[in-house]
Amino acid sequence: ALVNNAGAGHAGPWARLSSEEEDRLLQLLVRSPLALTRALLPGWRERGRGALLNVASSGAFQPGAHTAVYYAAKAFLMSWSLALAQEERLWLTVTTACPGALRTPFAGLAGRRPSPGALDPGPVARGLVKAWAQGRGLVVPGAANKVLVLASRLLPVEWSAALVDRIQTSLRNR
């Protein structure tokens with residue numbers, strides 16, 4: 001079993017993100033989960049079973065102004081995870097978790113204020129592990145997050161991008 005759960009972010013316009021910081025984010029959020037999974041895949045295949053939990057984000061469902069690389073990386077992780085789940089469905093359980101904001105130091109470290117609707121990470125983590133054990137494919141914890149994900153699917157993508165822009169701008173440290 002493998003849990004890919006790494007978080008790092010950057011709050012602010014993409015143009016202010018250095019190439020080096022962008023590369024570090026992409027290495028952590030995209031390349032590392034692929035490399036770790038690739039390393040374990042042969043053993044799982046040989047045994048005929050394996051379990052993978054990839055922690056993406058509710059941000060994977062829309063463009064993320066002021067968090068562009070993070071949202072895009074999490075969208076990649078979600079898409080890749082769902083595709084891998086189909087390709088290896090006979091022997092590999094892949095659960096893709098898409099939590100929203102959690103009450104952790106993450107927001108502050110990324111340069112923004114915590115979201116007022118942030119969830120307690122303990123119950124979210126327990127729920128994700130339970131969903132993983134049940135073999136669920138895609139998990140979005142929290143009723144508000146589910147509504148936001150649904151809205152992002154129903155609204156034109158430009159509206160979704162504008163909404164995220166307003167939310168992220170309101171959370172920026174001033």
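Visitor: Which residues does Trp-44 touch, leaving out those up to four places away in sequence?

Guide: In this predicted model, Trp-44 touches Ala-1, Leu-2, Thr-37, Arg-49, Gly-50, Ala-51, Leu-52, Trp-91 and Leu-92.

Visitor: And which residues touch the most other members of the largest nonpolar core?

Guide: Trp-44 and Leu-92 do, in a core of 19 residues. At least two residues of this core come from each of α1 (19–47), α2 and β3 (92–97).

Visitor: Which element gives the largest share?

Guide: That is α2, with 5 residues.

Visitor: What does the second core include?

Guide: The second core is separate and has 9 residues, among them Leu-25, Val-69, Tyr-71 and Val-164.

Visitor: Changing topic. What is the phi of His-66?

Guide: The phi of His-66 is positive, about 75°, although His-66 is not a glycine.

Visitor: Where does His-66 lie?

Guide: His-66 is in the loop between β2 (50–55) and α2 (68–87).

Visitor: Is His-66 buried or exposed?

Guide: His-66 counts as buried because its relative accessible area is 17%, and the cut-off for buried is under 20%.

Visitor: Now the surface. Which residues form the nonpolar patch there?

Guide: Leu-155, Trp-159, Leu-163 and Ile-167 form the patch, and together they have about 370 Å² of accessible area.

Visitor: Where is Ile-167 found?

Guide: Ile-167 belongs to helix α6, which covers residues 157–171.

Visitor: Why is Ile-167 called partly exposed?

Guide: Ile-167 has a relative accessible area of 40%. Buried means under 20% and exposed means over 50%, so a value in between is partly exposed.

Definitions and conventions: Residues are numbered from 1 along each chain as its sequence is written. This is a predicted model: local features need pLDDT of at least 70, side-chain atom pairs count only at pLDDT 80 or more; totals for chains, interfaces and linings use all residues. Side-chain values use heavy atoms; hydrogens and water are left out. Patches are made of residues with over 30% relative accessible area and no salt bridge: like charges are joined within 9 Å, nonpolar side chains (Val, Leu, Ile, Met, Phe, Trp, Tyr) within 5 Å. Accessible areas come from the Shrake-Rupley method with a 1.4 Å probe; for residues, only the protein chains shown count as cover. A salt bridge is a side-chain nitrogen of Lys or Arg within 4 Å of a carboxyl oxygen of Asp or Glu. Helices (H or I, at least four residues) and strands (E, at least two) are DSSP runs, numbered from the N terminus. Buried means under 20% relative accessible area, exposed over 50%, partly exposed in between (1.4 Å probe, protein chains only). A nonpolar core is a set of buried Ala, Val, Leu, Ile, Met, Phe, Trp, Tyr and Cys residues joined through side-chain atoms within 4.5 Å. Contact means heavy atoms within 4.5 Å.
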